[in-house]
Amino acid sequence: MGKKIKKETESPPKDVFDPLTIESKKAATVVLMLNSPEEEILAKACEAIYRFALKGEENKATLLELGAVEPLTKLLTHEDKTVRRNATMIFGILSSNNDVKKLLRELDVMNSVIALLAPEEEVVIHEFASLCLANMSVEYTSKVQIFEHGGLEPLIRLLSSPDPDMKKNSIECIYNLVQDFQCRATFPELNAIPSILELLKSEYPVIQLLALKTLGIITNDKESRAMLRDNQGIDHLIKILETKELNDLHIEVLSVVANCLEDMDTVVLIQQTGGLKKLLTFAENSTIPDIQKNAAKAITVAAYNPENRKLFHEQEVEKCLVALLSSESDGTKIAASQAISAMCENSGSKDFFNHQGIPQLIQLLKSDNEEVREAAALALANLTTCNPANANAAAEADGIDPLISILSSKRDGAIANAATVLTNMAMQEALRVNIQNHDVMRALISPLRSTNTGVQSKAVLTIAATACDAEARTELRNAGGLEPLIELLHSKDDEVRRNASWAVMVCASDELTATELCKFGALDILEEVNLSVSRKNKFSEAAYNKLLNNHLPLKYSQTGYLSSSNIISDGFYDYGRINPGTKLLPLKDLCLQEPSDLRAVLLVNSKSSDVSPLPSTEDKSSDVGCGRSISSSSSLRRTSKEKTSYHFSAGFGSPTEEKSEPSSGRNTALSKSATKEKGSRKVRGKKEEEKVKEEEEVTTVSKNIGEGSPDKEWYPPADPDFCVYEYEVTKSILPITNIKEQIEALAEYVAEKMGGTIPKEKLQDFSWELHISELKFQLKSNVVPIGQIKKGIFYHRALLFKALADKVGIGCSLVRGEYGRAWNEVKLMNESLKGVTGGLPPPEVYIVDLMFQPGRLIKLRSREADLYRFL
């Protein structure tokens, strides 16, 4: 028997590594394994990391610190399905961490993740890839990346997946994406609405809720609303509202319905199927505040369409809204008030709320919630606009007090709305008086100083509406309201500037307020505004003209025209023509100027000053003076033969008359010739007279110094001659009953006082310039009282005629022409039509001849009138 030989085992190749089983307890070790080329190690490492990441946020942060994210991104495109699946699962979990999301955006992995949604990939990959996209789509940059890489289309496809997790992740991502307008615009092309409507049938509330939220976003676009309607989406929504078990979805359903009601076709569809009535009943009967609020919002949105308002009114939506005003929820009250505001565009609804709704809204004005007060004020503003009955109803419901209290609210919208209601009320005189009695002017001061242009605009409108009475304007002045009102004339906002101009125009209705407005610079601001083509408006021009009517010297200098309603009063002066933007100096400053070669400033003044009256350059009795009764014109002519000498002060004020001191103690004015008539005079008497004269000159100088004192009130120079003119005209012309004869008599009187009739051919020889120059020299001023001018031409006579005509009530206008021309225009009825009743033609306009044939009336626009007016 042979010996048995042992068979030797075959040894492994030398270049093969023996298998090694490792049990790692450190995440860092496993992260290192992610760089392994072995698919089995990669799969197991990913599986371990996935389990580690599931345990909490701290572990996700740890993996980020260990640098696991970057190698994992490479595994998303790995050839092995298991590796790819496990890596995707990790990113589905890790992407909820904000720091991980930031790093993923930097690594630009969106294209790789979207590729995992391909149909050939496993369901698990679809689930976690869509989860990753849902987490990433919260941030705007990621939304853009998903959209640009075509992620929307595969996500919509996944909505039809049987897997609920995949549906939830996909609809959540879509909901985030469609909040971007660009993404939402392309949504109708992808026909996603049928798939989203199917999700409403899901047994998972979270999926239903996300689907409704998505519909709430996309139905902001008209095309999507049409697609929803075409796919019977409205029926689905109404059914959900009718299902009590789905009441947790009702709020979102109403948001979608609100959007759909913007389309008339949808409203008609809902109304035809009875859905509109169901909706209103549902809103009124629901006990859930948010449902009531959203129902009211749905009505508000739809009510912006006129046809919808009509349908709502037919369905008596007003009753539902009034009921919602009594809700305990502030949000529902606000929504109902806003719905009432929208429905106010329908006249029938406005009339309904006159009987129901306004008292409830007035009560809401007293709410502690500022937003509720604002919404209620908005509803009242719309209800009372162009509706006196509703304005009365608001006042009868004791709405004035709460409205005025809202003017001090912290919400600009509430203030603006309350001011609008007050403005609407003030259109009726009885309500306006009631508002004024509640100290409204003082309450409006704060809104005038607001920085909100809407508040400013409404506040000045309220002032314009309530300042129609003198008492209200006085209250506004006393409350310090004129200054902030004038400041708004500077506003850059066109509406504020326009309304402020309107308010100024109203406030300028009385002289005292107009004077205050001018004092605060309103006239200068309006002039500046009107010089700007872009800033001026009809109201700024009207306000400027209204203020000019209370500043006639400036009006005449700028416009060259005074109407019959512009009554010249004492202190009026004609400076001559000035250009727009040029400041007219006050009379006091002009009086204190030294005489110059400039045109004389003509002054009209029948008041006496605090010093001796300014004498005439003609001789007259010292018994004739301003404010002194005059016995007769014949006595005036008789005493005018007596002469009086005067001493004119160096500074211009009223000149001081030289007087002697008779032993009787009575002031007399004696000339040298009058002294000679007293018989023989002694040398001693002459010396005494010279001594008295020297003492009087010293007294005059001291008086002049006193006149220049700033402590003494300044008065314009007196004009005794004009006082005489006024008296004589009043006595001789007022008794004439025929207006035409009055005009003719006054014209003859004015011509006589100004140098008489001047033939046309001798006009050039009439030396009025020398006469005026002498007056300026004697008065030591460029200001010349009109009564002292005894040689006057067109513009002197026209001014005197206007001043005297205004004193006796003859209506006439004053017009300035070129080259020293000026004339008066009067209106007279055609005497041939006297006694005729019915429609009479307008009165004819005539020019009064004061030069060539004093008293002649020349028809305007005739050849004779043109010869009188122009050279």
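D330 is partly exposed, with a relative accessible area of 29%. Its salt-bridge partner is K333, and the closest N and O atoms of the two sit 3.9 Å apart. Keep in mind that this is a predicted model. A search of the whole structure turns up 33 salt bridges, and a handful of them are walked through below.

- D330, at 29%, is partly exposed instead.

**Across the sequence: D221 and R184**
- D221 makes a salt bridge with R184, with 3.2 Å between the closest N and O atoms.
- D221 comes from the loop between α14 (205-218) and α15 (222-230), while R184 is in helix α12 (residues 181-185), so this pair ties together parts that are 37 residues apart in sequence.
- Buried or exposed, what are D221 and R184? Both of them are buried.

**A partly exposed pair: E528 and R535**
- E528 and R535 form a salt bridge, and their closest N and O atoms are 3.8 Å apart.
- E528 has a relative accessibility of 43%, which puts it in the partly exposed class.
- R535 is partly exposed too, with a relative accessible area of 21%.

**A network: R473, R477 and D510**
- Which residues are linked in a network of salt bridges? One such network links R473, R477 and D510.

Definitions and conventions:
Residues are numbered from 1 along each chain as its sequence is written. This is a predicted model: local features need pLDDT of at least 70, side-chain atom pairs count only at pLDDT 80 or more; totals for chains, interfaces and linings use all residues. Side-chain values use heavy atoms; hydrogens and water are left out. A salt bridge is a side-chain nitrogen of Lys or Arg within 4 Å of a carboxyl oxygen of Asp or Glu. Helices (H or I, at least four residues) and strands (E, at least two) are DSSP runs, numbered from the N terminus. Buried means under 20% relative accessible area, exposed over 50%, partly exposed in between (1.4 Å probe, protein chains only).
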